[in-house]
Amino acid sequence: MPDWFSPDEWRAIALSLRVSAWATAVSLPLGVLVAFVLARRQFWGKQVLNGLVHLPLILPPVVTGYLLLLAFGRKGLVGQYLDMIGVVLAFQWTGAVLAAAVMAFPLMVRAIRLSVEAVDARVEQAAGTLGASPPWVFATVTLPLILPGIIVGSVLAFAKAMGEFGATITFVANIPGQTQTLPSAIYAFLQVPDGDGQAFRLVMVSIFVAMAALALSEWAAKAVARRISGA
Amino acid sequence: MTMQVSLQHRFAGFALDVAFDVPAGVTALFGPSGSGKSSVIKALAGLMRPDRGRISLGGQVLLDTDQRICLPPHRRRIGCVFQDDRLFPHLTVRQNLLYGRWFSPDKGGVSFEAVVEMLGIAPLLARRPQTLSGGERQRVAIGRALLSNPQILAMDEPLAALDEARKAEIMPYLEHLRDQTQIPILYVSHSVSEITRLAGSVVVLGKGRVLKTGPVAEVFSDPNLTPWLGGVREAGSVITAKVAAQDGDGLTRLDTLAGPLWLPKVDAPIGASLRVRIAAQDVMIALQRPDGISALNILPAKVVALRMGDGPGAMVQLRLGEDLLLARITQRSAVQLGLAVGAPVFAVLKSVAVAPGDIGAPPITP
């Protein structure tokens, strides 16, 4: 199979899959927490949190990338302290993970939040009266009931991360093997003469991954929902 | 084990201020909607924190606002059965039933098999809640609460969401529950017939206050409480009787302390004890023993209390042997008969007036 693609193309595909998988995995716990808090809690600054979460969805991606650079660049607000402990994100594949995670976060939170809102809080209360402490109620009642939302949110986030371009190229540039993800590679191939063929192959890969992700999420969410509803 | 409850809470436009005890057996919390019943249950379960209050259960303090004690729901060990069953949709019936057992500190208590047997839910164990009927779901919810080894069972209108046929289906299971477990039960309801069938004592709530507490027979035959007990049409009393004979013509003879009572066939073995609810409007009063009358049941009684209503009606409380009976007559009749406290009279009751749903087994007195 590898000889279908040139080493450059292959590196871009592998890097994109790795970046997207990490971005999804790292943001999932935070995504569940934020979705839960937004769905259930009333607190001062809730609208601010909601706005922050959704900001990457509406801002031009290049702006998000630039803000990430300001914050997490080696001299950035947070970056300078990370630098002291030896963590560098800018122009590294880990930076691509951060950019993809930030861009995909609103989609993930929206999907999970919807499923949290659909959970009947009275059923959770009943679990409490049966002796389950709040963490146990969450683990044994809430979590299983929001699983379809978690699956859909994760797959959406993964697909979004696979396609992330603007923020990634702004924050971590386009270094082959380091930060050159699938969309960056397509862009790079289109910049050189005779690159169309390579670009087209990667475009096909992108379409395939996106379609497969959607189909998978539909199937998984339906299977889980069927198990929950017992139909 | 006894639970002592005292609660005060101000809601918008409504103040709750109640204090009562829940001894062993079934205690009914009775009152019309808006009387504060659900708030009491919420406060007991720990789902609501009252402004002031104290709840203790067999020496353990669950809530004491003065001492700043307020145990969270999962540490109260109050088994709750709600009006809506609140079963876990993602678990099977068996997993639902065993859920509370997992968190219970002592693994003793009622056995899984006994509860399944008592509630008749063995054929449902592998199914999911969505595939059950309303009555089946409520039985599973009762089993789930029982199996969490609670120190007390709080049932918040468990039958209110069900139709008459489903209520009739569950009632015998509730009677089994009452007779086969040692756990005190607080049974919230606004149905006089449910309470007279199940409860030993009753706490009557009205507008956030306790109006009266006492044994069911005494409270429900109190003519002064009629307006609170669902109005004159719902008014009635409870008497206990023993099945004496099944007559050939389809009637059953019950013996009460005041004399025999004939009712349409009651499906119970001879010698069985029953509680019969008799609606006040089905009872007539005569000064002499009537002769040549179709009514079969004529029992000597004494007037204990008399309450003239706001309209044309009057409530008369009668004593038949040990039992109290309520009769609803017009004020004109009361005056014409010259009824007064202490007057000897005869209570007349049509056999067919008593509905089968108003006959049940009495609680086994400890």
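1. Gly131(A), which follows α6(A), has a positive phi, near 110 degrees. Helices and strands here are DSSP runs (H or I over at least four residues for helices, E over at least two for strands), numbered from the N terminus.

2. The model is predicted: local features need pLDDT of at least 70 and side-chain atom pairs pLDDT 80 or more, while totals for chains, interfaces and linings use all residues. Residues are numbered from 1 along each chain as its sequence is written, and chains are lettered from A and ligands numbered from 1 in the order in which they are written.

3. Helix α6 (residues 121-129) of chain A is largely enclosed by the rest of the structure, because seven of its nine residues are buried (20 or more other C-beta atoms within 10 Å of the residue's own, C-beta atoms being placed from the backbone). Among them are Val123(A), Gln125(A) and Thr129(A). The buried residues pack against α7 (134-163) of chain A, and also against α1 (37-45) and β7 (78-81) of chain B.

4. Chain B is assigned domain 1 (3-220) and domain 2 (236-360), with bounds from an automatic or database assignment. Ten residues of domain 1 of chain B contact ten of domain 2 of chain B (C-beta atoms, placed from the backbone, within 7 Å). On the domain 1 side, α5 (164-180), α6 (192-198) and α7 (216-220) of chain B each supply at least two residues.

5. Chain B also has an open five-stranded sheet with antiparallel pairing, in the order β16-β20-β17-β18-β19; strands pair if DSSP finds at least two bridges between them. Its edge strands are β16 (283-286) and β19 (323-330) of chain B. Strand β18 (residues 313-320) of chain B pairs with β19(B) over eight bridges, and Gln317(B) has Leu326(B) as its bridge partner.

Definitions and conventions: Two residues are in contact if their C-beta atoms, placed from the backbone, lie within 7 Å. A residue is buried if 20 or more other C-beta atoms lie within 10 Å of its own, exposed if 12 or fewer, and partly exposed in between; C-beta atoms are placed from the backbone.
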